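Here is a short note to read beside the model. Take the points in order and find each element as you go.

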Amino acid sequence: MSAGPVVGRRYPGPVPVASVFPRLEPLLPLVHKPIQYVGGELNARTADWDSCDVRWCLMYPDAYEVGLPNQGLQILYELLNEEPGVLAERSYAVWPDLERLMRAHGVPQFTVDSHRPVAAFDLLGVSFPTELGYTNFLTALDLAGIPLAAAERGPDHPVVLAGGHAAFNPEPIADFVDGVVVGDGEQAVLAVTGLVRDWKAAGRPGGREGLLLRLAASGGVYVPACYDVEYHADGRIRRVARNRPGVPWRVSKHTVSDLDDWPYPRAPLVPLAETVHERMSVEIFRGCTRGCRFCQAGMVTRPVRERSITAIGAMVDAGLQATGFQEVGLLSLSSADHSEIAQVAKGLADRYEGTHTGLSLPSTRVDAFNVDLADELSRGGRRSGLTFAPEGGSERIRRVINKMVTEDDLIRTVTTAYTGGWRQVKLYFMCGLPTETDDDVVRIADLARRVIEAGRAATGRRDIRCTVSIGGFVPKPHTPFQWAAQLDHETTDARLALLRAAIQQDRRYSRAIGLRYHDGRPGIVEGLLSRGDRRVGAVIRQAWADGARFDGWSEHFSFDRWMAAARTALAGQGVDVDWYTTRERTLAEVLPWDHIDSGLDKEWLWTDWQDALAGGEVEDCRWSPCYDCGVCPQLGTHTQVGPTGATLLPLTVADRG
Ligand code: SF4
C-alpha cells in the first residue's frame, strides 16, 4: 500500500476538538474488528476538555490488541488523569483497512476515549518498546495532520515526545520527534506537564521553540533539534554538539527510586476486544542486574528496585476488584528473582485458592526454584507448559552472554518440571550471538534430546514434549554487545537449517521436539533501526512512503521494501545497511546514542564486552559486591531488595462464594 499523495488534513490554525466519531462510525462496519476503535472500556477515563489546561494524547504504535495491555501506557494514563487540570486519552495504530477509509473520508487519527483528533492535544507521547513501531508512528502523525518533520511543525501542533526502551537510541527518529524522555515515565510526565502548564500560563513565551528550549534546558527531555551531528568522511560520527546554550551535553534517564510510591495502574483497563494478555498485571520489581550481555531491558533499567510484598498484595487485591479479571501476572524482567517471591507466591496462592483466580509468573529462570514457584501458583490448576531460557546452545556461548546455566542445571530443572506434572517444556535460545559458530547452534539439538530423554526417564511416559524457540540476536545500544557485528541473515538462516536437520536426524526424538523460528531478515531491519543514526530517519520515511506498516507482524513485513528504501535513502552517503548492522565498532567510535546517559559507564560496558570475548562471567550485584557498572553513583540511586520483614497483605482468604 502506498501512502499516496493524500496525507491527513493540515489544519491552518487550532485544530477543532470535537469528536470525530460521527464521521468514524459509518466506516466501522467496513473494517476488521471495529470494536477496537470504540473505547469505553471498564476503567477508561474521560475528563472535561475545557476544564483542563494540559492535555496529553498517549499513543502506542501498534494495534489495540498489543497496545492496550501495555503497562507503561496504562500507568501514565492513570496517573496523568489523576492530576487536577490534566487529561490523558489513548490512541493506537489503526490497521491498513481503516487507514485507507480514513484517508478517503478525511477522518484524522483519533483517541479511543473521546475520539478527539490527536492534533488537538498539547502533547503526543508515544511509547516505543521496539523499533518496529516507527512506521506506524509516521502513519499516525500523517493521519493526524501533524507534519512528519518536527522542523515543519507550527504553534498549534502538539509537542511530540517519544519514550520506551527503543528511545534509548532516539537518533533514527530524531527528525520526527520534538523531544525524547528516557527511562521511567512517572515523574518525567508530571515534570513535563508542569513545564507546559507554566509556559501556557505565561502566554506561551517564545512560541513552540520557547517551549522546546524550556524542555531541553530542564535536563529531563532530549530535544534533538538542539544538537547537531557531524560525520567523518568514512561515515562515522565525528561529534554530536549542542547548538543552543543552556542545554545539557548529555541527557540522563529518569529513575523512580521507590516503586511503592507509584502503585499504578490501580484500576487497569479491561479491554473490549481480544488482546494479547487477558489478565491484570502487577509489576513486582523494575530493573535487572543478572548481567545478560544481550539484554537491553536489563541494562537500561538498572538498578533493581523491588516493590514491597505488602504493596504487591494490596495492588493485586485492588486490581482484581477494579477489573473482575480472573488472572494475575506478576511482572518483571525475571520475576523469580524478587527476594520475597516465595512468600508472595504462597500468600497469593493461599488467598485465591478455590476462587478460580489464576496466578502466573512470567519467569524463564533455569532452576528448580522456578519450577517450585510455578507449582505453587498453579495449585489445583492446569499444568500446561513451562518456559526456560538457556539462550545459548553450548556452555561456551552461555559464558559469552553471561548466562550462567550449565547443561546439568537445565536437565535437573526440566526433570523437576516433568516429575511435577508439567508435560510441555519450552526452551528459548538465540542465534547469531557474538563469537557463535555452527556448532553452538547445532548443540541445541543435543540439549533438546537430553531434555526429552530426562522427561521420559522421570515420568515413564512417551508424551513428553519440548519446543525449541529461536530468536535472532540483534545487538542493542547501551549493552556490552553494542559494538558487536550482527550476523548476516544468510548465515543465520544456514545455521537454523543445520539445527533443523540435526533435530530431524534422530527419529526417536524428532517427533517430540518442536522447532519455532523466524528467518534472519527481520532482525537485520531491527538492527538497522536499533543502532542507526540520524541518517536512518530518511530510510524510515522512505520505507513508510513505500507502504511499510506494522513491521512487527510477519504478514505485513517486507524485507525487500526496507532494503530498497535503504538503497534510495542512503545513496551517496557512503554508508549502507551492512555498515550499520554487520560491522563491528571500536571503542574510539562515537556511537549515535553516546549523548543519551543510561547511567552505565561506557568504559565498564567495553570491559564487559572484552570479558565476553574472553568467556569471563560477572555475578549479579544483588547478591555479590558492586562491580561499578556506574548506574548507582551516576543516578544517585541504589539497589533495593528485601527482605522487608513484612507479610503479604491482605492475608484474609478471599470469598469463594
Ligand atoms: S553500580 Fe554497582 S550496585 Fe549499582 S547496578 Fe551497577 S553494579 Fe549493581
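1. G547 follows α18 and has a positive phi, near 115°. Helix and strand names come from DSSP runs (helices are H or I of at least four residues, strands are E of at least two), numbered from the N terminus. This is a predicted model: local features need pLDDT of at least 70, side-chain atom pairs count only at pLDDT 80 or more, and totals for chains, interfaces and linings use all residues. Residues are numbered from 1 along each chain as its sequence is written.

2. Now look at α18 itself, residues 536-545. Is it mostly covered or mostly open? It is mostly covered, with seven of its ten residues buried. Buried means that 20 or more other C-beta atoms lie within 10 Å of the residue's own; exposed means 12 or fewer, partly exposed is in between, and C-beta atoms are placed from the backbone. The buried residues of α18 are V536, G537, V539, I540, R541, A543 and W544. Their cover includes α5 (134-144), α17 (521-530) and α19 (559-570). Contact here means C-beta atoms, placed from the backbone, within 7 Å.

3. Helix α7 (residues 207-217) also has buried residues: L211, L212, L213, R214, L215 and A216. What do they pack against? Their partners are β4 (159-163), β5 (179-180) and α6 (186-201). After α7 comes G219, with a positive phi near 85°.

4. Next, the sheet. It is open, has four strands in the order β14-β15-β16-β17, and pairs in parallel. Strands pair if DSSP finds at least two bridges between them.

5. Five bridges join β14 to β15, and the two run parallel. E391 stands opposite F429 in β15. β14 is mostly covered, with five of its seven residues buried. At the other end, β16 (residues 465-472) pairs with β17 in the parallel sense over five bridges. V468 has L515 in β17 as its bridge partner.

6. Step back to the domains. The assignment gives domain 1 (21-252) and domain 2 (279-535 + 573-635). Such bounds come from an automatic or database assignment. The domain centres, taken over C-alpha atoms, are 30 Å apart. In domain 1, 29 residues are in contact with 30 residues of domain 2. On the domain 1 side, β6 (227-231), β7 (237-242) and β8 (251-252) give two or more residues each. The largest share, four residues, comes from β7.

7. Finally, the ligand. Residues around the ligand include T289, R302, C621 and T639. "Around" means a C-beta atom, placed from the backbone, within 6 Å. The shell divides into seven nonpolar, three polar and two charged residues. Ala, Val, Leu, Ile, Met, Phe, Trp, Tyr, Cys and Pro count as nonpolar, Asp, Glu, Lys and Arg as charged, and the others, Gly among them, as polar.

Definitions and conventions:
Contact = placed C-beta atoms within 7 Å.
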